[in-house]
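Welcome! Take a look at the structure, then read on.

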Amino acid sequence: MQHDQQGDGSPMTKGGRRPKRLRLLLITGGLALTLAAGGGAAAYKYGLFSDIGDPVSFGKVEVKEKEKEKEKAAKVSDTRPGVRMPTGPKAEFVRTSRLPDGTQIGRTTLTGPKSGFTGDVWVWVPKEYDDPKYAKSAFPVLISLPGGRGYPTNYWGTGPGLGLQKAVSDGAKAGTSLPFILIMPVHNADTKHHFDASDIPGEPRMGTWMVEDIPDFTKANFRTFTSRDGWAFMGSSAGGFGAFKHVLKYPDRFKAAIASGVDIVPDSPLWKGNTQAMDENNPEKLAEKLITEGGPDVYVNFQIGTAETGREKAEQFIKDYGKGPVHTTLQVIQDGEHNGKSYVRGMREGALAWISKVMAAPTPESGVR
């Protein structure tokens, strides 16, 4: 399994620690006058205050106090067909990043009820999620998996400088991408091994963590679609393998994947020659089975940079298995390398628009502004 570069070298902040409210800075006379004139806004501009590490919640559409009980009752009767309102229990998030457009990344620690694995999960929701006109709408989910070890962090969540969140925001604003909710869990159980996003016998159940615990967690906290049309994966390197493997193995739950710089078959030494278990998690075997059964239709976008290896493997998979219900395409990234920034560029250049065409879109409520 290829190892992805961690990111762009920018500082990455892990939540859970509350920093001092007031930073000790030497303020020049001119800056002090600016703060006096500008008040709190100027203080935040110059970084005197920080809310990183503070509790954060998502989906807080503003309502008047006297309307809260009415809204609570309406949630049951007014739920749109195909929309699943948050089921609870709500997770407790801490803020790890605040992006220039005002959106935030939060982190929580999840113990998967079905896998038994405990790991961190980062989340980001687009601006549209808190827009009152979308208060009754579901949003599509893109479970985003990193390359490399993928533990104890997920660089899509800890490194907003890679640009994934901004790519989704910019695409939504331009009308070329859906405003996806990004769910960014760890995808390995330690820093020493690759688990091939699978339930390897005798090892932590990372497959169950990814396809059951993470979706259940998402449903508990966010407005989601009841059908697979609202559920997709993206990932790079080892995470890209997991992304398209999960879609092929569970086509009744997930519809599409963007898989970047991937290997095609499981190769973790932890399998220890367990051929049957490996075959159950082999994308080639899974695609062949799906073709034989005639569906349901799934969609896989492979991304490969011209400055990395592996293109021939993706092209061979497309040639052998890209038929019937297995719809495949290849996004070639000119001068792209085996790293997150190159893959985000590929998403901007076409992969995000591609996946948005096959996924369900949020719908605003008419008459609400």
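A search of the whole structure, which is a predicted model, turns up 15 aromatic pairs. One to start with is Tyr155 with Trp156: their ring centres are 5.2 Å apart and their planes meet at 65 degrees, so this pair counts as edge-to-face, the class for angles over 60 degrees.

**Aromatic rings**
- Tyr155 is buried, with a relative accessible area of 1%.
- Elsewhere, ring pairs join Phe58, Phe93, Tyr129, Tyr134, Phe139, Phe217 and Phe222 into a cluster.

**Charges over rings**
- Tyr129, a member of that cluster, has the charged end of Arg223 over its ring, 3.9 Å from the centre.
- Trp231 has Lys219 over its face, at 5.7 Å from the ring centre.

**Nonpolar cores**
- The largest nonpolar core has 81 residues, and those touching the most other members are Ile183, Phe244 and Ile355.
- Helix α10, which spans residues 340–358, gives the most to this core, contributing seven residues.
- Another core, of five residues, lies apart from the largest one, and its members include Met85, Ala138, Phe225 and Ala360.

**A closer look at Phe244**
- Which residues is Phe244 in contact with, leaving aside its neighbours within four places in sequence?
- They are Ala257, Ala259, Val262, Asp263, Ile264, Pro283, Val300, Phe302 and Phe317.

Terms used
Residues numbered from 1 in each chain as written. Predicted model: local features only at pLDDT ≥ 70, side-chain atom pairs only at ≥ 80, totals over all residues. Heavy atoms only, no water. Phe/Tyr/Trp six-rings, centres within 6.5 Å; stacked < 30°, edge-to-face > 60°. Buried < 20%, exposed > 50% of the residue type's maximum accessible area, 1.4 Å probe, protein only. Lys NZ or Arg CZ within 6 Å of the ring centre and 35° of its normal. Core = buried A, V, L, I, M, F, W, Y, C linked by side-chain atoms within 4.5 Å. Helix = DSSP H or I, 4+ residues; strand = E, 2+ residues; numbered from the N terminus. Contact = heavy atoms within 4.5 Å.
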